[in-house]
Amino acid sequence: MRIARIFIVLALVSQVLSSQSIQLTKTTIEQVIKEMTVEEKADLVVGNRGIPRFGIPKTKVCDGPAGVKSKPNRKGVREFYTSWFPSGTNIACSWNLELAEQVGAAMGKEAFVLNDRDVLLAPGLNIHRNPLCGRNFEYYSEDPLLSGKLAGASVRGIETVGIGASIKHFAANNQETFRTKNDSRMSQRALREIYLKGFKIAIDESNPMTVMASYNALNGELTQESKALLIDVLRKDWGYEGLVVSDWTKKRNTVLQMQAGCNLLMPGYKDQRAELIEVVNSGELSMEDLDYNVRKLLEFKMKTPAYKKIKSSGDLDITKHAQFIRDISGECMVLLKNENKALPFSKKIHKIALLGASSYELVGGGNGSGFVFAKHVVELDEALESEGYVLNKTLDNLYKEHFVVENERRPKRSGGATKNGSGKIEPPRELQISDSKLKKELKKSDAVVITISRTSIEATDRGLALYKLNEEELRLISFTSKVCRPKGKKVIVVLNVTGAVETANWKHLADGIIMAFTPGQEVGYAITDVLSGKSNPSGKLPMTLANDYSDHLSSKNFPIIDPEYYVAPVIIEAGGTSEPVTTSKKKVERNNKKIKNYQYTNYEEDIWVGYRYFNTANKMVSYPFGFGLSYTTFEYGNPSIKKVGDSWEAKIEITNTGKVAGKEIVQLYIKAAAGDIEKPNKELKAFGKTKILEPGAKEIVTMSFDAEDLASFNEKSSSWITDKGVYTAYFSENIEKCNQKIDFRVRKKYKKKVSNVLECPSELKIYTKSDF
């Protein structure tokens, strides 16, 4: 009884103390920090726990670059599904900031209303440095301006519903192989102009609640432990005041993370918390450093629904989002080829030969944190039939029988690319159909659609085997082309892929090519709407499709994991392999030796990424950056540029000269005046998209840029510099096709000095124009 009384007294005392504790508000934040114990502060910054006695809630986050990732059948949670939106690359194909913001708002609404989250861990905006990066589908583009503008729009959309966004992964996380420790080594110029620029644009235009520090190292320092990156650049140079959160990783140097201003360590481990308490008590970490991170976390928490005690209704009709996804898909895909107006299908085309196993198992998006447990993924066969097309039943039945065998063969796992989220570890093998059988069935059809699919997942980069079409896929395209095209039957190839694939060696065999990428759960309808003409595609490529993978300068410094091309080493560290890289035929212990492209990657290509290299070097490509066809045509006229305050205003008149309604994307590239450093031939500095223009309709597209937008980074002075002189603006359909151009003069030199940090710690060969 005595012990029971003691517990009752202690409980009452605890309640009294709790009721007497000051509550967190904007005016009491410093008092709260002063009253908190070291243990409570550790609870906050390690794992994001709440402190009830101060009214500090635990805030909840969820993955979501393409929609909310939340299992529908979690124990104790009502069953609900979320919408699978177009991937980041698809959003980039739209070049439409309004669309990006609308998608962000829809995702944010689902995160809050359906899943009661405070933060959606999106968007991702790392650069497509190399086409084999396994996570490119989450990211926008090879260009930082396009990436940054779209990310900013997405953040604005997400945060309109009251929850936070988290732009990621900061910074230079451009490969997945050994991603937790790989050191991205590059010049300050490449870092500033290519890999940081998009983040700065997104922060300037949206001020996201959080920024996520990446797994990798940057010029010798892990980004989560880099004061140069998180304080000097992010805070001092850019003026960011929000929360910095770590990517979800194992325990690191807690002292360095706290000193660097990595405010929140996730997911948070007990030994990490214990270490934090120990180093503060011993004086190894100052209370001032800890309080800085606590303050940032409290400032963040006060912005969240959890703090404001706003409860979600849990009621949202996501069928409207399904229709929205379908409606925007035409803007999020690219028509690469349309020979002799093969598309849209004429009214005479009714019977379709649907070929390729992927036609019956489309990919809505990539795997990993970017996967979404949608209630359905619309397949191409069901979408075509719903629009009145008649499929070849013999072929249809053959493929369905093929999948009975394939689904038994392939092991299942949670998270995949199928309708119910059960997933498959590997894609389906192609169905082997004899030439005679296929020829016979092709005669019965009016047109042919062949689908090629690829998926990818975080933590693993794509190999060349996934970049190239395999022997069976090439045979299918080649044989079908040989049989059908001489008879006037159109052969359409659909690329339902999570990243760039080869096109140069087979594109001549198709009448039409649709680069669908992964447009979300309505993928079957999206493709069908473009085939039928219900949707006029207005997307343009956000990356370059090279003639050959080796044409990318970064290919010389990127891990190739395909055994037939390269046997990758297995990296074994003290305590075992920290992260599986690949499987090699022979294990090699290399505890003390650094392995190129695994433990470090040299960005020798410097600023010459994507079109900056191909266009400057006059290198032939399969399809250039910004390329995309339409079912209508546009005329560019009356270009103008004038100085308005501190900026320049560029205008161009766009007229729909075709026979159907459509949208056009105007890309403004600028050739810089001569300076003391090498510059690309021309760079994207602004873009705009028309509304839907009916035949004969006109619209004036207005774009703006300022001296900072024109600047190049000068390493000698650690400054952004825009030289005086004559610049040329190109109003273009794509990087290679200029429709109008105009010169303008910069009369005053612009110079902005920034922190001289993040220098490459070792000698690094840098490509220059003379190397092209």
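The structure discussed here is a predicted model.

**Helix pairs**

Two packed helices are described by the angle between their axes and the distance between the axes. For helix α5 (residues 97-114) and helix α6 (residues 144-159), the axes come within 6 Å and cross at roughly 40°. The two helices α5 and α6 are therefore oblique to each other. Their crossing is right-handed. On the α5 side, the contact is made by Leu 97, Ala 100, Glu 101, Gly 104, Ala 105 and Gly 108. On the α6 side, Lys 149, Leu 150, Ala 153, Ser 154, Arg 156, Gly 157 and Ile 158 take part. Sorted by class, this contact has six nonpolar, four polar and three charged residues.

A second pair consists of helix α16 (residues 393-409) and helix α17 (residues 435-442), which pack at an angle of about 135° with axes 9 Å apart. Like the class named above for α5 and α6, the relation of α16 and α17 is therefore oblique. Here Thr 394, Leu 395 and Leu 398 of α16 meet Lys 437, Leu 438 and Glu 441 of α17. The classes in this contact are three nonpolar, one polar and two charged residues. The table sets out the two pairs.

| Helix pair | Axis angle | Axis distance |
|---|---|---|
| α5 (residues 97-114) and α6 (residues 144-159) | roughly 40° | within 6 Å |
| α16 (residues 393-409) and α17 (residues 435-442) | about 135° | 9 Å |

**A covered helix**

Helix α3 (residues 38-45) is mostly covered, with seven of its eight residues buried. The buried residues are Val 38, Glu 40, Lys 41, Ala 42, Asp 43, Leu 44 and Val 45. The elements that cover them include α2 (29-35), α10 (254-259), α11 (270-282) and α12 (287-301). Just after α3, Gly 47 has a positive phi of about 90°.

**The parallel sheet**

Strands of a sheet pair through backbone hydrogen bonds, either parallel or antiparallel. An open sheet of five strands, in the order β1-β2-β3-β5-β8, has parallel pairing. Its edge strands are β1 (61-63) and β8 (243-246), each of which pairs on one side only. Neighbouring strands in this sheet are turned against each other by 30° on average, direction ignored. Within the sheet, strand β2 (residues 119-121) pairs with strand β3 (residues 164-170) in the parallel sense over two bridges. The bridge partner of Leu 120 is Ala 165 in β3.

**The three-stranded antiparallel sheet**

Another open sheet has three strands in the order β18-β19-β22, and its pairing is antiparallel. β18 (634-644) and β22 (698-706) stand at the edges with a single partner strand each, so one side of each lacks a neighbour in the sheet. The twist from one strand to the next averages 20°. β18 pairs with strand β19 (residues 647-656) in the antiparallel sense over nine bridges. In this region Phe 634 stands opposite Asn 656 of β19.

**Strand β24 and its partners**

Strand β24 (residues 719-722) has antiparallel links to two strands, described in turn. Three bridges join strand β23 (residues 712-714) to β24, and the two run antiparallel. Phe 713 has Trp 720 of β24 as its bridge partner. The hairpin of β23 and β24 has four residues between the strands, and in this hairpin Ser 718 takes a positive phi near 50°. β24 is also joined to β27 by four bridges, again in antiparallel fashion. There, Ser 719 has Lys 753 of β27 as its bridge partner.

The side chains of β24 divide by direction: Ser 719 and Ile 721 point one way from the strand, while Trp 720 and Thr 722 point the other way. All of these residues are buried.

**Cys 760**

The segment after β27 (750-753) contains Cys 760. The C-alpha atom of Cys 760 is separated by 9.8 Å from that of Leu 191, although the residues are 569 apart along the chain. Leaving out residues up to four places away in sequence, Cys 760 touches Arg 185, Met 186 and Asn 219.

Methods: Residues numbered from 1 in each chain as written. Predicted model: local features only at pLDDT ≥ 70, side-chain atom pairs only at ≥ 80, totals over all residues. Heavy atoms only, no water. Pairing = 2+ DSSP bridges. Axes fitted to C-alpha atoms, helices over the stretch in contact; angles between N-to-C directions. Parallel < 35°, antiparallel > 145°, perpendicular 65-115°, else oblique. Left-handed = near helix turned anticlockwise from the far one by under 90°. Contact = heavy atoms within 4.5 Å. Nonpolar A, V, L, I, M, F, W, Y, C, P; charged D, E, K, R; others polar. Buried < 20%, exposed > 50% of the residue type's maximum accessible area, 1.4 Å probe, protein only.
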